[in-house]
Structures are given as C-alpha cells and as structure tokens.
Amino acid sequence: MYKNLSEKYIAEKYEDFHGQDAAIIEIKKFLAEFPKRRGIILHGPAGTGKTSLALAAAKENNLEILELNASDLRNRLKLEQIVKPATEQKSLFKAGKIILMDEVDGVTGTDIGGIPELVRLVTMTNYPLVMTCNDVWQSKLSPLRAKCKIIEMKALSTLSILEILKKISGKEGINKNISFLSQISLKSQGDVRAAINDLQSYAYDHNIIVDVSEKRDVEENIFNILRKLFKERAPFFDLFDNTKLSLDEVFLWIEENIPREYKNEALANAYYALGKADVFRGRIYRDQSWRFLIYQNIFQSAGIAYAKKTPTQGFTKYENPKRILKIWLHNQKIEKKKTISKKYAKLVHCSLKRVMRDFDLIRPILKKPLVQEQMRLSDEEVDFLNK
Amino acid sequence: MSQTDIWTEKYRPSKFEEVVGQHEIIKRIKSLVQALNIPHFLFAGPAGTGKSTLALIVVKELFGPSWKENYLELNASDERGIDVVRQKVKDFARTKAIKNVPFKVIFLDEADALTKEAQQALRRTMENYSNTCRFILSCNYSSRIIDPIQSRCVSFRFKILEKKDIAEIIKRVSEKENLKVSQDAYDSVYESSEGDCRKAINLLQATASIAMDINSEMIEIIASSTKPTGIKVILDYALAGDFINARDKLLDVMLKESIAGTEVIKAVQKEIWNLQIEPELKVRLTEKTGETEFRMTEGSDEFVQLQALLASFVLAGQGKAT
C-alpha cells in the first residue's frame with residue numbers, strides 16, 4: 001500500500017513534534033487538570049499539527065478518540081444526537097476518551113445552532129473536548145473562546161521544517177541535497193504538510209529539472225522585487241504582494257543584499273530603516289499588535305528605497321540569504337561538541353554553557369585516552385575530538 | 001573516588017584543610033558543619049573560587065560515605081525554567097534522607113540564572129521542605145537573587161583568588177605531576193586565569209599535554225590560541241569600510257563561541273573607548289550601542305540590530321557620525 005508521505009510521517013507522539021514545545025506543555029497541562037477546563041481550542045495556520053497533536057494526546061494517554069470534522073454535518077441536532085451521548089458515556093475499550101471537533105471555524109450557517117450547542121457541551125462534558133481552527137478570533141467563536149483554554153500552534157520555522165524533511169528523506173532514501181531541501185522548507189512558509197507533499201512530488205520525479213525550474217521561479221521573483229525596491233523605488237504598498245515569500249523571508253533577502261547595493265551613509269540609513277522595521281516586527285510578535293505591520297512594511301520598503309538620495313544605477317548581483325542556512329549548518333556541526341560537553345560538565349560540576357565556552361582550552365585534556373574512557377565517549381565523539 | 005585524569009577533579013580538595021584561600025568563610029562553615037546542622041547557604045562570588053568545591057566538602061563532612069545518595073547537584077544556567085524547581089528539586093526534596101542523616105542537601109549552581117518566577121517557586125519549596133532538605137545556592141551576583149531567598153540563607157562572599165593562592169595551586173599540581181614550571185610561567189598562568197582556579201588548572205594541563213617543562217611563552221601561546229576572536233577584529237573591519245566581512249566575522253564568532261547578541265553588545269560598548277577615533281564619535285557610537293542594546297531587550301532580532309550598529313561604525317571609520 002502506498003501512503004502519502006505526509007500521512008506516513010504524521011507525528012504520532014509528543015516527541016515527534018518539532019517546534020511546538022509550548023503547545024505540548026499546554027495540552028499536557030490541560031489534560032492533567034481536567035475538568036478545571038473542559039474544552040480546549042488549538043488554533044493556527046494549516047499544517048502546523050493541530051489535529052495531529054490532538055490525536056497524539058489521545059495516544060500518549062491511552063484514550064479513545066471520537067472525531068468529527070468539517071465533512072460531517074454539525075448542526076444542533078447532530079451534535080445533540082452524537083456528541084452529547086459521547087460526552088456522557090464511558091469509553092468501551094480504553095480508560096477514557098477525547099472528543100475532537102476538527103475545524104470548528106467550519107461550523108457554518110448550514111450547521112444551525114451548532115456553536116451554541118458546542119458551548120453547552122463544553123460546559124458539561126465529562127471528557128476533554130478538543131477543538132481546532134485556523135482563526136480563533138472570528139466573532140462567531142467568541143462565546144466558545146470564553147469557555148475554553150486557547151493554545152496557539154505557530155507556523156514552524158524554516159529550520160524545523162528542514163529538520164523534518166531531512167529525517168524523512170533519510171528514511172525514504174530520496175534526494176537529500178541540503179539546498180534542495182531548504183528551498184522546499186522556505187517555500188512551505190511553516191506548513192509541514194505542504195512541505196512534505198512537495199518533497200514527495202519531487203522525490204518520485206526523477207527528472208530533477210522540475211525542482212530547479214521551480215526554484216529559479218521563486219528567485220527571479222524576489223530578484224525583481226529587490227531591483228524594484230533598490231533601483232526603481234516602485235510604489236510600495238503592494239511591492240511585497242507579488243511573491244510567494246513571506247514578509248519575514250523578504251526581510252532576510254533585503255538584509256543580505258543591502259551592503260551589495262549601498263555604501264557608507266546610504267548603508268547606515270538603510271540598516272537604520274531595517275532596524276526600525278525589525279523593532280515593529282518585534283512588537284507585533286510580542287503583543288500581537290498587528291496594527292504595527294504597516295510601519296514594518298513602510299520601513300522595510302520605502303525606508304530602504306530612500307536610504308540614498310538617488311538610486312544606484314547599473315547591475316547589482318543579489319545573493320541568497322545565507323544567515324539561516326549558516327546557523328543550521330553550524331548547529332549540525334556542534335552537535336557532537338554539545339554531547340561531549342554535557343558529559344564533561346556533569347563530571348566536573350560545571351555548567352554546559354561554561355564548558356562550551358572553554359572548549360578549546362579543554363580539548364587537549366579530552367584527548368587523553370583515560371579521560372575518554374572515564375567519560376564513556378562514543379566512537380563518533382572520539383573521532384570529533386581527533387579531527 | 002575513582003581515579004581521574006582530569007586535573008580539575010583530581011586535585012579538587014575534599015577536606016576543608018586542603019582549600020586554598022577563603023579562610024574566613026571556611027572557618028565559619030566548618031563550625032556550622034561540626035554542629036551537624038546547617039542553615040541554607042548562599043555562596044556568591046566569581047567563577048573558579050571554590051563554591052562548588054565547598055558545597056561538596058560540606059556534604060562529604062556531613063554525610064560521610066553516603067553523601068551521594070543525599071546530594072543533588074543542579075546547574076540552573078542549563079536548566080533555568082520553573083519546571084526544574086517544580087519537578088527535580090521538589091521530587092528530591094520531598095523524600096526522606098537515606099541512612100543516618102537528618103536531611104538532604106541540594107546544591108543549585110548558578111542560581112542567579114533562574115528566572116524570577118522560578119526563584120519564587122524555589123522560595124516556597126525551601127520553606128515547605130526545610131525539615132528534610134537544605135539548600136546551597138551559588139551565584140555570581142547575589143543582587144540577582146530575590147530578597148526573600150537571600151533572607152532565608154546565610155550568605156558568604158567568595159573572593160577572587162590572589163596571585164599567591166594560584167601559585168600555591170600550581171605548585172601542588174606540578175609537584176604531583178612531575179612538571180617543571182618556570183617562575184615567569186607562574187605569573188603567566190595567574191594573568192590568564194584572572195584568579196579563576198578552574199581556568200588555571202585547565203591551562204596548566206592543556207600546556208602539559210605538549211611538554212612537561214613549562215615556561216611562560218608556552219602558557220601564553222596556549223592561552224591566546226584558545227582565546228575567542230575579539231570583537232575588536234570585527235570593529236576594525238567595519239571601521240575600514242569592509243561591511244560584508246565585518247558582518248560575516250560577527251556571525252561566525254557568535255556561532256562558534258555560542259555567544260548571544262547581548263554579550264556582543266557589552267563587548268562592543270567596552271571596546272569603543274580603545275578605538276582610534278575622535279572622542280566625539282565615541283560618544284555617538286556609545287549612544288547607538290545603547291539604543292541597540294535597548295532594542296534587543298525589547299525582543300528585536302539581535303543580528304539585524306547588530307548589523308545596523310556595524311553600519312554606524314563604517315561611517316565612524318570615515319570620521320562621520322550617523
């Protein structure tokens with residue numbers, strides 16, 4: 001049987017999740033404290049693992065799961081007939097159960113009385129009621145919000161997605177070229193499912209040209225945007241609309257290429273503007289004040305374009321943002337250093353941080369066979385030290 | 001104690017009498033330990049001055065051979081969340097001591113790395129389990145420990161080791177290891193160690209892995225080869241107008257030494273006054289640096305902000321302010 005990779009590698013346990021530690025802690029807490037709160041809403045963009053997390057929670061706790069999603073009719077009558085008994089009856093085979101109402105923002109006009117009935121169920125259910133949705137802040141959900149614990153599932157970082165893709169392609173024995181995988185991760189914009197689907201669609205197509213052309217497509221797009229920004233001072237409010245890249249990714253491209261376009265005062269002015277854009281971005285992330293997005297947008301566009309009195313003429317060779325890839329490669333490299341340092345830190349009553357900082361000084365000591373034996377270093381760790 | 005070839009462990013004192021320096025502190029702690037009852041301790045002082053060592057000696061003196069079962073050591077800078085206090089500390093504290101000892105001891109190293117919330121949780125734990133458990137907290141700065149915890153502890157301020165203390169340690173180690181250490185090498189080890197005993201011994205052992213006959217030149221080569229690339233190099237690139245190189249080096253250093261942007265900014269702030277530029281520009285750059293640090297604490301992207309700062313240095317290199 002062939003399975004979609006995105007289904008085959010669906011996260012089944014807490015440990016399978018990447019970059020959702022906060023959400024996992026929260027749902028654990030919710031289940032442990034039940035019935036302090038009886039309902040919980042997992043919300044976030046598509047492909048961040050909302051449904052998987054609910055299923056994983058059931059599996060981890062050996063609970064049965066009763067699932068209703070948008071494909072089922074969910075009006076008042078239906079909820080009353082099916083879900084209500086379930087909230088009252090015991091599970092047949094397992095210790096308990098979780099009731100999963102998937103995609104509650106899909107409870108629509110045709111599901112008459114659906115939301116009020118859900119609210120009623122939340123107040124009286126004997127079993128945890130888990131709901132998922134993309135946008136928890138729409139007004140029709142407000143009565144439900146008041147009764148439920150709310151957990152945000154964030155879009156995954158490019159790095160987390162890259163990790164996942166690497167793992168899968170390793171297991172499936174498909175193209176593991178890092179730059180190829182990181183292109184897919186960038187393109188996915190935090191949607192794991194989309195990323196895995198993309199991986200699959202390229203993996204079985206032995207004609208690798210598909211991948212390259214797609215990649216070039218994205219790049220041309222961003223190159224055009226950069227040129228319009230730096231050279232033409234194009235109208236700004238829709239400048240970043242015509243790309244599949246997110247505003248944050250465009251940010252990385254601008255960050256990388258400012259010094260290729262500007263020197264001296266213009267350089268300082270441009271980074272001043274980018275720094276301001278970043279400050280507003282920070283406020284948006286911290287307080288969810290989306291109002292500030294317009295300021296980020298203006299500093300990130302007009303602020304950069306007008307850093308110089310007259311735009312630079314001629315051709316500028318723009319380059320791929322390197323920072324994220326560099327960090328990722330570095331993390332791979334220091335993995336061994338970290339495991340060694342951990343063992344050493346425990347032995348000498350010292351913090352891992354400090355050992356990592358003094359690693360070069362300690363290295364000759366770690367090379368002694370007797371020390372390596374005492375620390376029970378693995379062969380790979382010994383190899384790392386001898387490199 | 002099993003044999004070890006790590007000198008910082010091999011020569012770690014296991015009795016009060018063997019400790020170098022900190023005489024006053026040892027006198028007081030010793031008398032408390034001899035009464036077989038100790039209060040909670042707070043050890044404050046720089047790294048490598050004997051805080052962990054003394055904690056170990058205290059439990060060994062109190063509990064004898066069964067010290068290991070009754071002692072938990074945690075490093076707060078590695079596990080700094082409130083969960084550590086809630087779980088590890090509580091689990092250990094709530095069970096009774098094993099064998100004939102009246103209580104257990106938890107040593108919480110670098111406790112000033114704990115968040116305020118974690119410290120609040122710790123304070124309750126210290127109270128609730130004081131029948132079964134004593135705490136020894138260590139920190140670099142006692143000002144970062146919340147007052148309620150300070151008031152529950154007897155505090156000791158560890159002083160940085162003096163030159164003669166470090167010399168005494170070098171002498172002990174080199175005699176046991178058959179090293180020949182020249183007089184000026186003693187000075188070099190002290191200079192590089194900055195009074196940090198762990199650093200001094202590590203430096204000595206790293207050098208000894210090359211030769212048994214040690215002079216100051218060798219010490220200095222080892223010390224400088226392991227010194228992190230200075231921030232100065234990066235600033236020099238920026239001042240010379242080479243922004244791209246400055247930026248690449250900065251990212252390399254931050255990754256390689258695993259230092260955070262907030263640490264970089266502190267180093268930059270110090271380094272400004274050593275630069276060959278007009279004093280007026282130094283003031284302007286300091287202002288920029290302050291603004292950058294402020295933005296970092298507000299949750300902006302550290303590396304973006306540092307790039308903006310580097311761009312100001314490029315201008316300063318041409319005698320211009322932003």
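Biologist: How many helices and strands are there in chain B?
Modeller: This is a predicted model: local features need pLDDT of at least 70, side-chain atom pairs count only at pLDDT 80 or more, and totals for chains, interfaces and linings use all residues. Residues are numbered from 1 along each chain as its sequence is written, while chains are lettered from A and ligands numbered from 1 in the order in which they are written. Helices (H or I, at least four residues) and strands (E, at least two) are DSSP runs, numbered from the N terminus. Chain B has 15 helices and 7 strands.

Biologist: What percentage of the residues in chain B is buried?
Modeller: A residue is buried if 20 or more other C-beta atoms, placed from the backbone, lie within 10 Å of its own, exposed if 12 or fewer, and partly exposed in between. Chain B has 322 residues, and the buried share is 41%.

Biologist: Is Ile231(B) buried or exposed?
Modeller: Ile231(B) sits in helix α11 (residues 231-239) of chain B. It has 22 C-beta neighbours inside 10 Å, so Ile231(B) counts as buried.

Biologist: Which residues does Ile231(B) contact, leaving aside neighbours within four places in sequence?
Modeller: Two residues are in contact if their C-beta atoms, placed from the backbone, lie within 7 Å. Ala267(B) is 36 residues along the chain from Ile231(B), yet their C-alpha atoms are 6.7 Å apart. The contacts of Ile231(B) are Val264(B), Ala267(B), Val268(B) and Glu271(B).

Biologist: Are α14(B) and α15(B) roughly parallel or antiparallel?
Modeller: Axes are lines fitted to C-alpha atoms, for helices over the stretch in contact, and angles run from 0 to 180 degrees between N-to-C directions. Under 35 degrees counts as roughly parallel, over 145 as roughly antiparallel, 65 to 115 as roughly perpendicular and the rest as oblique. The axes of α14 (residues 279-297) and α15 (residues 302-316) of chain B come within 9 Å and cross at roughly 175°. The two helices are therefore roughly antiparallel.

Biologist: How many nonpolar, polar and charged residues make the contact of α14(B) with α15(B)?
Modeller: Leu281(B) and Leu285(B) are among those from α14(B), and Leu306(B) and Phe313(B) are among those from α15(B). Ala, Val, Leu, Ile, Met, Phe, Trp, Tyr, Cys and Pro count as nonpolar, Asp, Glu, Lys and Arg as charged, and the others, Gly among them, as polar. The residues divide into 8 nonpolar, 4 polar and 3 charged.

Biologist: What angle do α8(B) and α9(B) make?
Modeller: These are residues 183-193 and 197-208 of chain B, with axes 8 Å apart. They pack at an angle of about 130°.

Biologist: Which residues of α9(B) make the contact with α8(B)?
Modeller: From α8(B) come Val189(B), Ser192(B) and Ser193(B). From α9(B) come Lys199(B), Ala200(B), Leu203(B) and Leu204(B).

Biologist: In what order do the strands of the open sheet in chain A stand?
Modeller: Two strands pair if DSSP finds at least two bridges between them. The sheet has 5 strands with parallel pairing, in the order β2-β3-β4-β1-β5.

Biologist: Which strands stand at the edges of that sheet?
Modeller: Each edge strand has a single partner, so one side of each is left without a neighbour in the sheet. The edge strands of chain A are β2 and β5.

Biologist: Which residue in β4(A) is the bridge partner of His43(A)?
Modeller: β1 (residues 39-43) and β4 (residues 129-133) of chain A pair in the parallel sense over 5 bridges. The partner of His43(A) is Cys133(A).

Biologist: Which residue in β5(A) is the bridge partner of Leu42(A)?
Modeller: β1(A) also runs parallel to β5 (residues 148-152) of chain A, joined by 5 bridges. Leu42(A) has as its partner Ile151(A).

Biologist: How many of the residues of β1(A) are buried?
Modeller: Gly39(A), Ile41(A) and His43(A) point one way, Ile40(A) and Leu42(A) the other, and all are buried. The strand is largely enclosed by the rest of the structure because the buried count is 5 of 5.

Biologist: Which helix supplies the largest share of the side of chain A that touches chain B?
Modeller: The contact takes 37 residues from chain A and 40 from chain B. On the chain A side, α11, α12, α14, α16, α17 and α18 each supply at least two residues. The largest share, 13 residues, comes from α12(A).
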